[in-house]
Amino acid sequence: MNILEAAIQGVLLGGLYGLFAAGLSLIFGVMRIVNLGYGAFAVLSAYLALALTRSTSMSPLLALLIIVPVMAAFGFVLQRWVLQRTLDPSPLPSILVTFGLAVIVENALLLTQSADQERLTLGRIDTQAIQLGEIRIGVYPLAVFVLALVLLGVLSLVIQKTGFGRSVRAISDDPGTVELMGIKPKRIYAWSGAIAFGLVAVAGVASGIQSSFNPSSGSLLLIFAFEAVIIGGIGSLWGTLVGAMVLGVAQTVGAAFAPSQQLLIGHIVFLLFLLFLPRGLTGKATRA
Amino acid sequence: MTVDTPSAPITRVRRWTPVSLIGTPATVAVAVGLVGLPYLIGLATIYSMIDLFIFILLASMWNLLAGYGGMVSVGQQAYIGVGAYALVVLADQVGVNVFLAIPVAAVICALLAFGISFLAFRLIGGYFAIGTWVISEVLRLVAIQAPQLGAGSGLSLFAMSPFSRDLRVAIGFWLALACAALAVLTCVLLVRSRFGLGLMAVRDDSTAAATSGVDVQRAKRFVFVIAGAGSGIAGALIAVSSLNVQPDSVFSVQWSAFMIFMVVVGGVGTIEGPILGAILFWFMREALADYGPLYLIVLGIIGVAFALFLREGIWGLLSRRGRLSLFPTGYSVTRLR
């Protein structure tokens with residue numbers, strides 16, 4: 001019964017990882033770049049929420065209403081005027097710039113905040129749980145999971161049904177031809193950057209409520225998002241969510257067997273997928 | 001009145017240019033001259049210069065990966081860590097001579113890199129970068145849980161204790177100097193070779209290289225293994241000079257950040273660039289390291305600025321975009337008439 005509870009926790013944790021991974025997956029799908037600053041910006045969002053809740057004693061949920069637009073605007077500007085310059089057949093420039101940004105953000109946080117663990121709180125909801133027989137399910141992780149389903153559902157609808165989504169899919173298939181059709185990829189890239197950073201803000205704050213964080217937590221968040229994308233299979237949003245759930249279950253069930261080995265077991269499951277199922281669960285072909 | 005002689009060649013193709021005819025002997029002379037330095041200057045400077053040579057070694061290896069092999073790794077700390085642990089375990093626990101343990105550690109790292117390549121090469125571009133990072137995290141997590149490896153607190157190196165402190169530092173200096181020189185020589189020979197030509201073709205356009213008969217995977221794997229061995233030697237040197245191995249320090253992703261900084265600022269895809277970048281980085285560290293996070297922010301800003309606005313790096317500017325070379329790696333074509 002303990003294992004079942006751990007597995008359910010893992011699935012719910014997968015919702016949180018899925019939120020992180022969706023932005024990474026979207027950016028790669030559209031621009032073929034990987035933003036290594038992703039985790040650092042999630043942590044930055046959590047610190048922004050912390051600053052807002054401390055100065056105005058507002059709830060972190062209310063803070064999201066400010067932080068998400070701010071981060072999305074930042075993502076737009078960053079993509080349009082900085083990362084746009086790094087789009088190149090070679091992956092080198094984009095990796096260098098985003099990795100450099102991660103170093104800058106992490107150390108700026110270390111400089112201005114303490115290196116201690118911090119945590120956001122929703123008050124009583126943090127510890128509330130639903131009792132189903134012998135299984136306890138946390139209300140907050142469940143809420144995050146539902147939020148992840150809703151947000152990914154909306155994103156998926158946007159990509160399938162809207163004009164913007166059509167451009168995104170077209171660019172993902174063949175950016176050169178899309179440009180011939182009179183669509184400016186730069187704008188699509190910038191809006192994708194804004195969406196990804198909005199998602200990162202939500203994920204960063206959500207994760208800051210679920211577990212404690214410090215200025216250096218970003219690299220682990222980036223790694224989890226990446227593992228979810230690869231396990232799920234590059235190029236599929238829902239695959240990414242499934243990959244995130246696999247990773248979450250691997251970590252929580254692993255921890256039930258061997259406490260304190262949760263990270264290592266998660267990484268090993270990822271490496272096994274890489275070894276035996278390099279195209280991930282959804283098995284879409286990757287393009288070099 | 002001059003008469004055209006059709007048999008005479010119109011152009012002359014040479015390896016050696018006036019610059020490399022002076023530059024190569026000068027570089028060799030500087031390296032040889034540095035051997036005498038421990039007799040001349042203070043211990044603290046000599047100790048700090050060990051780091052300079054380790055930086056040159058690391059930067060050259062990362063440049064080989066990214067600048068010639070087109071592989072951007074942020075996981076080279078895996079080999080630094082394994083090299084450092086291998087040296088201490090070999091010298092203290094197995095009883096191998098500490099100097100012999102350095103090449104053995106390099107071989108271990110080469111084998112490890114060969115194995116890892118089969119995992120990491122399934123990923124491309126930015127995903128390859130994070131993939132190498134995950135693998136180094138796995139090695140770190142294993143190291144901090146192994147009681148034989150001192151768990152979280154790491155290991156101390158006792159094999160160097162027979163030497164007096166001065167001699168120990170001097171030995172570290174000579175070893176690091178020799179390894180840095182070997183790394184640069186390896187890069188020069190590799191780039192000059194037919195294999196290096198194929199490698200640059202892979203970096204510029206792997207599909208075109210493959211259709212021209214270059215075995216792309218093999219070429220990349222070879223470079224990945226060399227870079228792993230070189231980074232392993234750097235780890236072994238770190239253990240020899242600092243006399244201990246701390247898992248969170250040797251497996252820190254900061255090493256990758258430093259390597260990237262040195263190569264990007266110096267000039268990626270050149271032999272001279274990483275050396276220049278390492279020297280600059282070393283001076284910056286000497287001047288600014290006390291400022292902690294602020295120093296890293298400055299490094300980050302400079303690195304991003306170079307990646308955005310000055311992709312060829314400082315050496316690219318100095319060498320007038322690749323037309324000057326200290327080492328005879330390319331071919332120089334001069335018009336005779």
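This is a predicted model: local features need pLDDT of at least 70, side-chain atom pairs count only at pLDDT 80 or more; totals for chains, interfaces and linings use all residues.

Reader: Okay. How many residues of chain B are in contact with chain A?

Author: On the chain B side there are 32 residues, and they are in contact with 37 residues of chain A.

Reader: Which elements of chain B give two or more residues to that side?

Author: Three helices of chain B do: H5 (125-143), H11 (254-266) and H13 (293-309). By type, the chain B side that touches chain A has 24 nonpolar residues, five polar ones and three charged ones.

Reader: Switching to helix pairs. At what angle do H10(A) and H11(A) pack?

Author: The angle is about 135 degrees, and the axes are 8 Å apart.

Reader: Is Ser260(A) buried or exposed?

Author: Exposed: Ser260(A) has 8 other C-beta atoms within 10 Å, and 12 or fewer counts as exposed.

Reader: Where else is there a positive phi in a residue other than glycine?

Author: Ser57(A) has one, with phi near 50 degrees. Ser57(A) is in the loop between helix H2 (38-56) and helix H3 (60-81) of chain A. Ser57(A) counts as exposed because it has 7 C-beta neighbours inside 10 Å.

Reader: New topic: what span should H5 of chain A have?

Author: Helix H5 of chain A covers residues 139-161, which is 23 residues, and at 1.5 Å a residue it should span 33 Å. The C-alpha atoms at its ends are 32 Å apart, so the two values agree.

Reader: Which residues of H5(A) are buried, and what covers them?

Author: The buried ones are Pro141(A), Val144(A), Phe145(A), Ala148(A), Leu152(A) and Ile159(A). Their cover includes helix H1 (2-31), strand S2 (135-138), helix H6 (163-173), helix H8 (185-210) and H10 of chain A.

Reader: Now back to chain B. Where does Ile102(B) lie?

Author: Ile102(B) is part of helix H4 (residues 98-120) of chain B. It counts as buried because it has 25 C-beta neighbours inside 10 Å. Setting aside neighbours within four places in sequence, Ile102(B) is in contact with Leu87(B), Ile233(B) and Ala236(B).

Reader: Last one: what about Arg119(A), where is it placed?

Author: Arg119(A) is in the loop between helix H4 (92-112) and strand S1 (129-132) of chain A. With 13 C-beta neighbours inside 10 Å, Arg119(A) counts as partly exposed. Leaving aside neighbours within four places in sequence, Arg119(A) is in contact with Gly208(A) and Ser212(A).

Key. Residues are numbered from 1 along each chain as its sequence is written. Chains are lettered from A and ligands numbered from 1 in the order in which they are written. Two residues are in contact if their C-beta atoms, placed from the backbone, lie within 7 Å. Helices (H or I, at least four residues) and strands (E, at least two) are DSSP runs, numbered from the N terminus. Ala, Val, Leu, Ile, Met, Phe, Trp, Tyr, Cys and Pro count as nonpolar, Asp, Glu, Lys and Arg as charged, and the others, Gly among them, as polar. A residue is buried if 20 or more other C-beta atoms lie within 10 Å of its own, exposed if 12 or fewer, and partly exposed in between; C-beta atoms are placed from the backbone. Axes are lines fitted to C-alpha atoms, for helices over the stretch in contact, and angles run from 0 to 180 degrees between N-to-C directions. The expected span of a helix is 1.5 Å times one less than its number of residues.
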